[in-house]
Number of protein chains: 2
Amino acid sequence: MKVDEIVVNSSSHSYRIMIGNGIRSQISTFVTKAYSSIFIVTDEHIADLYLSDIQSGLTHEYVYTSILPAGEKTKCIEYYYQLQTEAIKYGLDRNSLIIALGGGVIGDLAGFVASTFMRGIDYIQVPTTILAHDSSVGGKVAINHRLGKNLIGSFYPPQAVIYDVETLQSLSEQEIRSGYAELIKEALISDELTFRAMLKTDLTSLSAEELQEHLRMGIKVKASIVEADEKESGIRKFLNLGHTLGHALEAELGYGSLTHGEAVAIGLLFSFHISESILSTHLPYDQLHEWFKKNNFPLIIQTEDIQSLMMKMKKDKKNVSKMIQMVLLQDIGEPTLRTVTDKDMERHLNSFIGKLVTK
Amino acid sequence: MKVDEIVVNSSSHSYRIMIGNGIRSQISTFVTKAYSSIFIVTDEHIADLYLSDIQSGLTHEYVYTSILPAGEKTKCIEYYYQLQTEAIKYGLDRNSLIIALGGGVIGDLAGFVASTFMRGIDYIQVPTTILAHDSSVGGKVAINHRLGKNLIGSFYPPQAVIYDVETLQSLSEQEIRSGYAELIKEALISDELTFRAMLKTDLTSLSAEELQEHLRMGIKVKASIVEADEKESGIRKFLNLGHTLGHALEAELGYGSLTHGEAVAIGLLFSFHISESILSTHLPYDQLHEWFKKNNFPLIIQTEDIQSLMMKMKKDKKNVSKMIQMVLLQDIGEPTLRTVTDKDMERHLNSFIGKLVTK
């Protein structure tokens, strides 16, 4: 299988995304700068599986490692500060490199540490989940605040993304689902044909070739949008399709009890629901619902507390002047931004929850 | 008295520095963008003196305030997180503005919050100390780590700096001294004539005109350097003249027991001492020492623990590959960077401490 290369032009520098099978052990060929030291940040699950491959692939004299608990709860101010402390104690300097080895949690956390350690040092993303194809590209790094997801962070692009699809073989069914929700989202932003092709995918019998192809598609959609709008002042907001409700659900249920992608899947259906109502467009709601269901996505909103959900949606970073702003679809491939009043939002949420239950 | 205007061109935008007498009450004329809300961050001392002037000068609907304890200890992760929490609770969004009203501690802390709240919102510096002429210009924002000063931060330029020299009338003798150490540093980086003129200043009988002139000089030196090297990869490091030992002294004695400028004054003398030794240049060590002494700078190093000081100097962000890098002077107006081995540094420190005691 070949190695795919996608170049992303950020405002400060260009960086390469390499996608291939088994490329984690050749990491030195991608880390060309003479770094004074390297600090690998990973979690306990990934450390067991792939840490030694990365370590043995590096030829640098000073290589340090921090192994954190797995899970969304790690993306918090406490571990952020702990990593800063370790970086100082290991003697990292401005010419050091951080390698984020893991899923989106590790990528976001280690990337945010890199963006603020000594006012910013280099870092490389080595994603090990499908979901992380989204978070590892585009330079959005962050930690969660207890009042909302990703509320503290930076725009800080990596020096490279090394994507070894072989590491995706160890993913659970739930993690595959979670990643595919974002891939579906990117297909919806892209065009009808891509979306229809994605709906043919059976997640229980996914080939490595299929996966690499879907990742390339998702990353290309993402890369072209972040190149056009790095700081999310315009079209980058489209990538939040499905995320307004998605993030609120994650926060409401406690991060981790629903995966990010599972929450986004519900959010995508909600964006269909509300788009049909507000923009009078006809979208393949039933087909998307069917595909999610067939692939075992949990499609219920386990809360009675609409007001609490709404409060959380209002904390979304896209909002302006305390009104909820949502990404909707005029058609597949045609995302658009709309402000929704509290009263309308409550009505849409109630009818949506009803619709989910009866399907 | 006229209002001075200096424009600084950063990589992301240009911003104005306004210096004038009583301009704090006209703040609305400088805050032209239609911000959705404004969050003023200040400390308890400054709040008593100037907060109401700022509040009454703003015509915006949503203006919130956070009043923090005064002092360097506030520049820590705990208050950083508290401000994030308040910003979320007040419903700040990406179109909100933070106003940092206070000295360098407030400017650095509130600026770092602005740089990372929802991945970055606008902020304005309203410095109320002489020392803050340095920190408010150039976009370096940070908090302290318990293992070292300013180790966590960003490069994130403000939208404007509003410098009301009238607010400097309430400064203590110690705060005036602290600010003038940085002004002396800028004169040393600039040229011999400026430096000689500064040595004629008597801090006990400072006129408002003199002060405004000195601030303009210091800010111009600073602005021209940060324009040429925003991210401190080259000449911006020159601004750290006197700071390698200065920061270590502050950390060693506990932030706050020696003011930043008082520590920098000792650091400047040390840079003279070590420059004369390593570069064989002749610098007016005695005149500078005399001026500091006449103006009541505390010129002793209150520690016997050279090893601990050295450890702290090695944590400096300018260091590469675990060696101490220092800014030295080939001559006044000619700063240069040199790496100093541990052995040499220990020798220089010992002879310098001896020299300080005997003068």
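The model is predicted, with local features requiring pLDDT of at least 70 and side-chain atom pairs counted only at pLDDT 80 or more, while totals for chains, interfaces and linings use all residues. Residues are numbered from 1 along each chain as its sequence is written, chains are lettered from A and ligands numbered from 1 in the order in which they are written, and side-chain values use heavy atoms, with hydrogens and water left out.

A:Lys140 lies in strand β7 (residues 140–145) of chain A; strands (E, at least two residues) and helices (H or I, at least four) are DSSP runs numbered from the N terminus. A:Lys140 is buried, at 17% relative accessible area, where buried means under 20%, exposed over 50% and partly exposed in between (1.4 Å probe, protein chains only).

An unreviewed UniProt entry places the feature "binding site" at positions including A:Gly104, A:Asp108, A:Thr129 and A:Lys140; such annotations, given in the numbering used here with shortened feature names, may be inferred rather than shown by experiment. A:Gly104 belongs to helix α3 (residues 104–116) of chain A and is buried, with a relative accessible area of 19%. Beyond four places in sequence, A:Gly104 is in contact with A:Thr129, A:Ala132 and A:Ser135.

Over all chains, the count of disulfides (pairs of cysteine sulfur atoms within 2.5 Å) is zero. The closest cysteine sulfur to that of A:Cys76 is in B:Cys76, 17 Å away and therefore too far for a bond. A:Cys76 is buried at 15% relative accessible area, and B:Cys76 is buried at 16%.

Terms used
Contact means heavy atoms within 4.5 Å.
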